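Please read them with the model open.

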Amino acid sequence: MTEPTVYELSSPGRVGIEYAHLDVPPSELPDAFMREELPLPELSELDVVRHFTHLSQLNYSIDGGFYPLGSCTMKYNPRINEVTARMPGFLKVHPLQPIETVQGSLVVMYLLQETLKEITGFSAITLQPAAGAHGELVGSLIMRAYHRSRGDMKRTKVLVPDSAHGTNPATSSMAGFTPVNVPSDARGNVDIEKLRELCDDTLAGLMLTNPNTLGLFDEHVLEVIDIVHQAGGLVYGDGANLNALLGVTRPGDLGFDIMHINLHKTFSTPHGGGGPGSGPVAVAAHLADFLPDPVVGILEEATDELPPLYGFVHPPQSIGRIKSFHGHFGIIVRALTYIMMQGPEGLRAVAEHAVLNANYLMELLKQDYTLPYDRDCMHEFVLEGVWPDAEGVHALDVAKRLMDYGMHPPTNYFPLIVNEALMIEPTETESKQTLDVFVDAMKKIAKEAHEQPELLHEAPHNTPIGRLDEVKAAKDLVLCCWRPEE
Amino acid sequence: MNTPSNLKYAKTDEWVKLDGSIATIGVSDYAQDQLSDIVFIEFNRETDDKVSKGDALATIESVKAAGDVNSPVSGKVLEVNEGLSDIPETINDDPYEKGWLYKIEVSDPSEMDELMDAAAYEKYCEGRH
């Protein structure tokens, strides 16, 4: 590492702030609160500024370069989002203020609720969940509350296709369900026959990611949803890949009952270390009463003299509060800004360009890499990072070598149904020039894998630190550089 | 890929060695190679626990992925190789000897007939790519 820690930079007696001279009698701290040693780092303000500036320069971000991390939708976050989120009226409100004094903020939340409902085709929505997996948990708890409200207590099974996000089975377990795997067919769709076999009166629901993690739109999505509904189950949509569908199709119209929306992916709010995330959950009309409490609504309709009064309404069969206050409000402002800036035509163009960019890359790279599911993709696609005639080279080596070419690696080893997976999602915000530079690098790496495999094994060479010891990182956790016993 | 011929194999990549009524269970060389460096193992069953074929006996986590070890037979747990918790990489180094996971007294030896022999398992693994 080229930058020491703040503890290593510390110099005894150095301070960042000098307090004003004490002009009142000092009051001693009680002995109980005194300790012999408190090894806090001692630095000047300039030391601190340089330290964190250096660290930020070592970091890789979407503002610095191409970031094709599959399933993460690392699109550019427009700066106008930051301008609106920093407006004093939004920045300085407190969630405990009387609603009459925060009508502007409530309008923002209400408008975002309404626009997300319009975009996804659902009837009701909560903005509370803190991120995608949190949204999944909320959706699963709504699923549970729905079956319970009908006295249907035997529904304990949740089906999860093997092309789903890994959080789906984890979430259904956490909500008290038993997750059961559904295999994919040769075209990457849910295997319809296997699905039929698994649907019985213990079925609580299906968690479907569509497009799935192969970047493929399920060709039988309507049939899949119908089979689950016929068996009395609900269909949960993992909205992580919504970017491919904006303005083209609406999951609510397809028959999904519940879906979470990743504002931090689809609607251009910061993520990848720069969050926080936000995972609103939208539901069909028959589930609106179960939403987390409260949601924003209109308490008094507008009159000739007065605008409407916005406030909080309470779903009658709510699963309860699932987040302190009202979710990540700053992110809500950013997402609404993005949606308003794009408008309906702009949102559709987002999806179209995201899909076009992914297919452009896929067509060029399948000449050099194995493409196991070879059909038109949506916003992303999955290659194999391995060749029969390049012994010892793995997807991880390809990913690390890409860092030497100045780009963030794709997601690797996911989804699990592809051997040595490299999952690539360019997003709509990249130019053809950037995509071509990426294709050149990937083609060079494929050539190197055959001719100079050691270049890949030892990569990255051009980064601040070389290949990390992933085994040590997983097994030998040291989360604090100061340990009391030392 | 090392596939000893004296063992039987399950589609979910466990191996079984039957001595009398005692089955020793582990994960195959193919499975450990696919997982790459194993960093954790969590055992779900203790000595004397009853297990049914297909039960999740353990969870293995590598730097790439996490996966369940499913019981290829039914019976009662006689012994758990708990020492692996401290040195799970033993499964990478020696999957068929020191890397064994459970010894189980089998209740239905005919379940062994449903497993693959080495030749069939090798063919099965080759067909997965």
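1. The crossing is right-handed.

2. This is a predicted model; local features need pLDDT of at least 70, side-chain atom pairs count only at pLDDT 80 or more, and totals for chains, interfaces and linings use all residues. Residues are numbered from 1 along each chain, chains are lettered from A and ligands numbered from 1 in the order written, and side-chain values use heavy atoms, without hydrogens and water.

3. Which residues meet between α12(A) and α14(A)? From α12(A), they include A:Y360, A:L361 and A:L364. From α14(A), they include A:L435, A:F438 and A:M442. Contact means heavy atoms within 4.5 Å. By class, the contact of α12(A) with α14(A) has 8 nonpolar, 1 polar and 3 charged residues.

4. UniProt lists A:K265 as "modified residue: N6-(pyridoxal phosphate)lysine" in an unreviewed entry. A:K265 sits in helix α11, residues 263-266 of chain A. A:K265 counts as buried because its relative accessibility is 11% (buried is under 20%, exposed over 50%, partly exposed in between, with a 1.4 Å probe). Leaving out residues up to four places away in sequence, A:K265 touches A:S71, A:C72, A:T73, A:K75, A:A240 and A:H271.

5. In chain B, the UniProt annotation "domain: Lipoyl-binding" (unreviewed entry) covers residues 22-105. The end C-alpha atoms of that span lie 5 Å apart. The span is 13% helix and 43% strand.

Methods: A crossing is left-handed if the near helix is turned anticlockwise from the far one by less than a right angle, and right-handed if clockwise. Helices (H or I, at least four residues) and strands (E, at least two) are DSSP runs, numbered from the N terminus. Ala, Val, Leu, Ile, Met, Phe, Trp, Tyr, Cys and Pro count as nonpolar, Asp, Glu, Lys and Arg as charged, and the others, Gly among them, as polar. UniProt positions are given in the numbering used here, feature names are shortened, and annotations may be inferred rather than shown by experiment.
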